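Hi,

Here is the structure I promised to pass along. Have a look at it first, and my notes follow just below.

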Amino acid sequence: MSEPAAGASAGRVREEVAAWLAAEWDPGTMRAGRPRTQFVAKVVEAGWAAPRWPRRWFGRDLSDDEGHVVEEEFRRLGAPGSGQDRHNLYAATVLTFGSDALKEKFVGPMLRGEVPMCLLYSEPGAGSDLAAVRTRAVRDGDEWVVDGQKVWTSSARTAEYGMLVCRTDWSVPKHRGITFFLFPMRQPGVEVRPLHQITGESEFNEVFLTGARVPDEHRLGELGGGWRVLQTALAYERSVMGDRARAGRADSGMAEVGDELVRLAAETGRLGDPVIRQDLARVAALRKVNEWNALRAKAEVEQGSSSSVMSLGKLAMSRILHESARVRTALAGPRSMVEGPEEPIGDESTFLALNAYFTSIGGGTDQIQRNIIAERILGLPKEYEVDRDVPFSEVRNSG
Amino acid sequence: MPAFAVPPEHADLRATVRRFLVECSPEAEVRRLMETGTGHDPAVWKRMAGELGLQGLIVPTQYGGAGAGRVELGIVLEEAGRALLCAPLFGTVALAATLLLESDDTEARARYLPGIAAGDTVATVAVSAADPARRPPGSGVAAAATAEGWRLTGEEPYVLDGAAADLLLVPARTPAGLSLFAVDGRLAQRHPLQTVDRTRRQARVTFADTPGELLGRDGTAGPVLARTLDLAAVALASEQAGAAAFALERTVAYAKERVQFGRPIGGFQAIKHMLADLLLESESAISAARWAAAAADEGAPDLPALASLVRAYCSDAFVRIAADSIQIHGGIGFTWDQAAHLYLRRARTSAQLLGDPAFHRERYLQRSGAVA
C-alpha cells in the first residue's frame with residue numbers, strides 16, 4: 001500500500017479539524033471565562049492542543065505541516081488552545097525532559113492552562129552570562145535544598161511552579177554543572193520582592209530562595225544537563241517571540257506613519273522646524289523598514305529558506321524605540337524635566353526614553369545580540385571564553 | 001503573490017545576471033574602464049542586450065523587449081550595483097526607457113525603444129541629476145518653436161551618462177509649460193565631468209539653439225517626468241542596496257581572513273558589532289528597495305511618498321556601509337588598490353543623484369500627507 005501524498009493527508013486533517021471545530025466551537029459564548037477554559041480542556045483531550053506530539057501525550061502524531069494545518073483552522077475561527085506543541089514552553093520542556101510520572105502529573109494541566117508558571121533563570125551575577133548561575137542545589141535524600149537569588153521574574157507572586165536553573169556541581173566548567181528543576185513556588189523558603197524599574201513601574205520580582213526544597217522527581221533532564229534543557233526552553237520562548245514578530249503586518253497607507261510623533265510635533269508647534277521634520281521622516285523610515293524586514297523574513301521562511309532578517313528585528317526595535325524617544329524628548333523640550341499627570345508630554349518623553357532600555361537590555365542586550373548576529377549569521381569567529389574549561393569554583397565573579 | 005516572495009524566474013534572472021557580471025565586470029575590468037575616456041565597453045554593452053536582454057528588460061515585447069516590470073529591473077540593478085558595472089545602463093533604462101514608457105507618445109516609443117532594446121542606442125534623460133530642490137527638472141533649458149522646428153537653449157550641469165548618450169530626452173520650458181524633447185546627442189555640447197565615481201560617468205550638457213523633437217504634447221510633461229523620477233529613484237535604491245550588500249560581504253570576508261594579535265580581526269567585538277549593525281542596514285536597504293519596486297509594479301498610489309522614503313534610507317545605508325568598510329579594512333582600506341574606496345565613491349555620488357537624503361526625507365513628509 002502506498003503512502004498518501006502529503007497534500008492529501010493535510011487535506012484530511014483539515015477536514016477533520018474543521019468538522020471538530022464546527023461541532024465544538026461557539027465564538028458567541030466561548031471567548032472568555034469558564035466556557036473558554038472548558039473549550040480548551042476539550043481541545044487538549046481531542047489532541048488538537050499539541051497535534052505533533054505522540055498520542056500517548058495528548059497529541060495526534062501529526063507531521064509539522066499537518067500541525068500547521070490544525071493551527072490555521074483554529075486561527076481562522078479565532079479558537080484558542082492549538083499550537084501549544086510549538087508555544088507552550090512549560091509543557092514542551094516537561095514533555096521532553098521529565099519522567100513519565102512528572103509528565104502524567106503536569107503536561108495535561110499545563111496544556112489546559114491550569115498551572116501558573118514563572119521563569120527562575122537570571123541572577124544578579126548571571127545576566128548576559130546565564131551559565132554563571134550561582135544558586136545552589138544540594139541533594140538531601142529524595143529532595144534538593146536550594147539557596148540563592150533569582151531576578152527579573154515576572155508573575156513570581158502568582159506562580160505555582162517555576163522553571164529553575166541552578167548549580168549542582170562546582171567542580172566542573174560552568175555549562176556542565178547546571179541542573180534544571182520544576183520548582184514549587186508556594187513554600188516557606190521562597191520570598192518574592194517586587195523589583196522597582198527606572199520607570200517607576202514594577203513588572204518584575206526578585207526571588208530569594210533560602211533552604212527551599214524541590215523533589216528529585218521534579219528534575220528535568222540529567223543531573224548536570226540543565227544547560228541543554230535551558231537551550232530547549234529558550235528555543236520555545238524564541239519561537240513564540242518570532243511568531244509574534246512575524247504577525248506584524250505592514251500597513252498599505254503611508255499617511256499614518258507620521259503617527260503620534262507628527263501629532264506631537266503639531267501640538268508643540270514644531271512642525272515647521274526643519275530639523276524636527278528630518279527626524280520625523282527618519283523615524284518613519286526606521287519603522288517602515290522594520291515592518292518590511294519582518295514581512296521579508298516571513299516570506300523567506302514560507303519559501304523554506306532560513307531567514308537572517310528575523311534575528312535583526314530585536315536590534316532594529318531597540319534602535320526605533322531609543323530614536324523615537326529622542327525625538328519625543330526634543331519635542332517636549334524643557335517639559336521633559338517634569339513628570340506626573342500635570343505634564344503628560346514631558347512625562348511620556350521620559351517614560352519612553354527610560355523604557356527603551358527594556359528592549360535594548362532585556363532578552364539579551366544589544367551587545368549580546370550583535371555578538372549573536374556576527375557569529376551565527378555572518379560566521380565571524382566565536383567570542384573567546386576565558387572560563388570555558390575552568391572549574392566553576394575557580395571562575396572570577398563580580399561579588 | 002505575497003510581498004517579498006521570490007518566484008523561480010526571479011531567482012534565475014538574478015543568477016544569470018550575476019554570472020554574466022562576474023565574467024564581464026570583475027574588479028580588474030572595472031579598474032580598466034575607470035581609466036578609459038567613455039567609461040564603458042561597447043562589446044559588453046552589446047552582449048548585455050544580445051545575450052541577456054538587459055537594456056530591453058522593461059521594454060514591451062512589441063518593441064523588441066522582454067516586457068518585464070520594476071521588480072525585475074530592481075534585480076538587475078542590484079546585481080549591477082554589486083559589480084560596480086561600468087555601463088550607461090541607468091541612464092538608458094532607468095531614466096530614458098522609463099520616460100518613454102511613461103509618456104503617451106506612441107510614435108516616439110516606436111522610434112526609440114527598439115534601438116534601446118537592441119543595445120544600439122545609448123540614451124538618457126537630461127535632468128540635472130543632483131539638487132532638485134534648487135534646480136527642479138527642466139528649469140535649466142528653454143525651448144522655442146521656430147520655422148525650422150523646436151530649438152533648445154540652456155544647460156544641465158550633471159547629466160548621467162550624458163556624454164555617451166546617442167539620444168538625449170530633455171525636459172525644457174516652453175510658453176505652454178514643462179515639455180519633453182528628443183535631441184540627437186551629437187548636436188548638444190557635452191563636457192564630460194571628472195566624476196569622483198569613475199565607474200559612472202556624467203556630463204555637463206549645453207544646448208544652444210539645438211534642434212529637438214517634441215515628445216508628447218507641448219506643456220504636459222510635468223506628471224510624466226515626476227512619475228519617471230519616482231520610478232528612477234526606486235531603481236537607484238535597488239542599485240544602492242545591491243552595492244551596499246556586496247560592500248558588506250567583501251568586508252566580512254576580509255574580517256575573517258585578516259589576522260592581528262594572533263586572531264582574525266572579525267573575532268574582536270569592536271569589529272563584530274560594527275558588522276552586525278551594518279548587516280541590519282544592508283538587509284533593511286534590500287527590504288526597502290524590493291518593497292518599493294513591488295509597489296511600483298502594483299501601481300501603489302503612495303509610490304511618490306514611498307520612493308522618497310526608500311531613496312533616503314538606501315542612500316544613507318550605502319554611504320554608512322561603504323564608509324565603515326574602509327575603517328574595518330584599516331590601512332589597506334586607505335590604499336587605492338583596495339576596492340573599498342570604489343564603493344565609497346559610488347555611495348557618496350549615488351546619494352547626491354536625483355536628490356540627497358535630506359531632500360527625500362522632506363519630500364516624503366510632504367507627500368505622505370502626514371505633514372503638509
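Of the 399 residues in chain A, 38% count as buried, meaning that 20 or more other C-beta atoms, placed from the backbone, lie within 10 Å of the residue's own. This is a predicted model, in which local features need pLDDT of at least 70, side-chain atom pairs count only at pLDDT 80 or more, and totals for chains, interfaces and linings use all residues. Residues are numbered from 1 along each chain as its sequence is written, while chains are lettered from A and ligands numbered from 1 in the order in which they are written.

Chain A has a mean pLDDT of 90, with 93% of its residues at 70 or more; pLDDT is the predictor's confidence in each residue, from 0 to 100. Two stretches of chain A stay under 50: residues 1-5 and residues 248-258. Where pLDDT is low, the predicted coordinates should not be read in detail.

Chain A holds 12 helices and eight strands, counted as DSSP runs (H or I, at least four residues, for helices; E, at least two, for strands) and numbered from the N terminus.

Chain B is divided into domain 1 (8-120), domain 2 (141-219) and domain 3 (223-368), with bounds from an automatic or database domain assignment.

Happy browsing!

Terms used:
Contact = placed C-beta atoms within 7 Å. Buried ≥ 20, exposed ≤ 12 C-beta atoms within 10 Å, placed from the backbone.
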